[in-house]
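These are my notebook entries on a single structure.

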Amino acid sequence: MRAALQRYFYIKRRLRCFDNRESCRYIHSSSKLSSTFPSSITFLTDVEGDGHYFDRFIHRSKILGFRTTQPTYGPFNEGNWNLGTHDPLYFPYDKEVVFLDDGSIDKSNSMLVYGGDVWDKGGADFYVIRQLLSLHRRYPDRVHFLMGNRDINKLRIVDELDFGETKRLPKHKGVYWLRGTGLPGDPEHLESATMTETAAERLRWMLRSTMGSVDAFELRRQELQRERLAIMNGQSAFTTQECLDHGTSSDNVKVSDDDVVNSYLQSCNPNSGLMSKYLAQAKLVIRFGPVLFLHGALPTIEANSFPLPWIDPESGDNSIGHQQTFTEWLNLLNDFASEQIASWQQFGETNKSRNAREDFWATKGGYSNKSSGGQLFGNLLQYGMNTLPDKSKNQSVVYNSWMKGGMPRKDLFTPNEQMKLEELFAKESLQLILSGHQPVGDSPWPIQLSGNNWILPCDTSFSGDVNWTKTLQCKSSTKKIGLGRGSRPNGRGEVAVSETLISFCQRTSKVKSVNIHGCLSDGSKYETNNLLDVDDKQIGRPLLRELSYTDKDTGERRDMEFWVKAKIDQDYLLSAGKGFRVWNTLFDHNELD
């Protein structure tokens, strides 16, 4: 309770610092005001370790690009491998990301916001995070990171895998979100379920069954193998070509299970790991004037009450959860995350043996968890989760979503919710909220609110699963064919990529344009018109009637609700979703009601 009260009064003191609330409205990635305002921002999110997608994005970006560089290995060499320790001198790649306007005085404040979820599914975790960290090191004021749920959950690694001074794997008692499932890791059925005995078995189970990263263990092994081959041959550890002749057979380079485990322990080391360096720079929310960035979605907001779920309601004063302004709430979120990361780093500096009867945070979960890790950084772990231990919804900007069942949430368009959003956007001078987290097909999914205000989910991590169909109501368009996942180990496929560009008026700091461009899942290049074009009220809204198409598997006619995503030349791109599956179709502008 003492630690909770100390955090509570610390936050109360922080609130008193906001004397000039109007000037604080235009904050960005910290509680300090931005000294510069961007001319434009590119938004990239949910790469999830897919180096090929990362490269596609950079090659097509209008703000970022690559320049050739010489791979550097620092003090690491054969037998002394880097397993995820952050070292600026270790960059085993032949290219690095730069801003295309580098050196141009009049355009030197374009920026990148990365929306979170750096690792897990693409097989190039280290490549992606090193590129991001390298770019941030060279342009610290122009590169900004958000925390995603896949980033926050890496705090568990040191808690549940670190051997401490006893050199023995601590006993695991399961995770709270598997309670009642009967699966391995169910705290109520540990005797009947096979639990992990070795560090490698535990890590495989953690990644596969508790982090949604089924193939991550073996993908990490392959990435470590590529790095070792690169060092042995003085070459780059990543290439966009699937096969690179390193000169040394991969059969001669072995990566053991223990190497993979150590790569997670070292890369998630709270003080020296690659992930710790990312999290130390990352925020829960980022704001530039009328544009707000977050990983998931805004939680439930009731009459200027902004949720701070880690605050203990028994602390004796609930006013902090009800009286702060929106700007103060954003700052409190970032201060909370920063404090939790600092406590995690403190946890990493100790190497004490664990009480055999002590739980991990994940076993019981919750805010104000009493385990040794839970007391220091468990609140952030819980904030990054979907549900609380009692299975109620967690009020979090990390895991909330604008989507439900594959389509934008219908409650966003109820009169009550519309009124709340209108009031928030008007009072805070917001125009646009961008997010990731929930897959939305092969291009961002605009949601148009009243007053030409927008919500824009941008996670395209299941682009390879998009189905192209031709609706029976549209006679003029031709049916396109999706190219599928190809050889990629995840759902992105090999061709789709989208860049969202926000341009600002330098005189008023208002958003001037929002454009999206890239390549759709059928391989066709596209570029949307400006979303803020007030003459087109159909984009970002559902059609008022369902469209029919013929199911390619059954031949049956099906009716679905479609959403107008974008206008591309003279056609409208329409999408319908169910779960993570999305159906695309093009509609001639003359035939759209």
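**Entry 1: overall figures**

I began with burial and found that 59% of the 593 residues in the protein are buried. The model is predicted, and I read every entry below with that in mind. I then looked up the secondary structure, which consists of 14 helices and 24 strands. For contacts with a separation of 6 or more, I noted that 69% join residues 24 or more positions apart. The accessible surface comes to about 24500 Å², and carbon and sulfur atoms hold 48% of that surface.

**Entry 2: cavities**

I searched the whole structure for cavities of 30 Å³ or more and recorded seven. The largest cavity has a volume of about 70 Å³. Which residues line the largest cavity? I listed Phe43, Leu44, Thr45, Tyr53, Phe57, Pro444, Cys458, Thr460, Ser498 and Thr500. Strand 1 (40-44), helix 2 (51-60) and strand 17 (497-504) each give at least two residues to this lining. Sorted by class, the lining holds six nonpolar and four polar residues, and no charged ones.

**Entry 3: the largest nonpolar core**

I turned next to the largest nonpolar core, which has 154 residues. The members that touch the most other members are Tyr278, Leu284, Phe293 and Leu298. Helix 11 (residues 326-349) gives the most to this core, namely 10 residues. As background, I noted that nonpolar side chains tend to be buried together in soluble globular proteins.

I followed Tyr278 further. Leaving aside residues up to four places away in sequence, tyrosine 278 touches Tyr114, Gly116, Val118, Ile129, Leu133, Phe145, Leu146 and Asp151.

**Entry 4: helix 8 and its cover**

Which residues of helix 8 (residues 257-267) are buried? I found Asp259, Val260, Val261, Ser263, Tyr264, Leu265 and Ser267. The cover over these buried residues includes helix 3 (125-138), helix 5 (155-161), helix 6 (199-210), helix 7 (216-233) and helix 9 (274-281).

**Entry 5: isoleucine 286**

I located isoleucine 286 in strand 9 (residues 285-288). Is isoleucine 286 buried or exposed? Its relative accessible area is 0%, so isoleucine 286 counts as buried. I also looked up its separation from asparagine 334, which lies 48 residues away along the chain; the two C-alpha atoms are 8.8 Å apart.

**Entry 6: positive phi outside glycine**

Lysine 391 has a phi of about 75 degrees, and it sits in the loop between helix 13 (372-383) and strand 11 (403-404). With a relative accessible area of 66%, lysine 391 is exposed.

For aspartate 569, phi is near 55 degrees. Aspartate 569 belongs to the loop between strand 22 (563-568) and strand 23 (571-578). Its relative accessibility is 59%, and aspartate 569 therefore counts as exposed.

**Entry 7: valine 495**

Glycine 482 is 13 residues from valine 495 in sequence, with a C-alpha to C-alpha separation of 9.9 Å.

Notes. Residues numbered from 1 in each chain as written. Predicted model: local features only at pLDDT ≥ 70, side-chain atom pairs only at ≥ 80, totals over all residues. Heavy atoms only, no water. Helix = DSSP H or I, 4+ residues; strand = E, 2+ residues; numbered from the N terminus. Buried < 20%, exposed > 50% of the residue type's maximum accessible area, 1.4 Å probe, protein only. Contact = heavy atoms within 4.5 Å. Areas by Shrake-Rupley, 256 points an atom, 1.4 Å probe, with all protein chains shown as cover. 1 Å grid on protein atoms, 1.4 Å probe; cavity = no way out; pocket = protein on both sides within 12 Å on 5 of 7 lines; lining within 4 Å. Points joined across faces, edges and corners; volume = space filled by probe spheres on them. Nonpolar A, V, L, I, M, F, W, Y, C, P; charged D, E, K, R; others polar. Core = buried A, V, L, I, M, F, W, Y, C linked by side-chain atoms within 4.5 Å.
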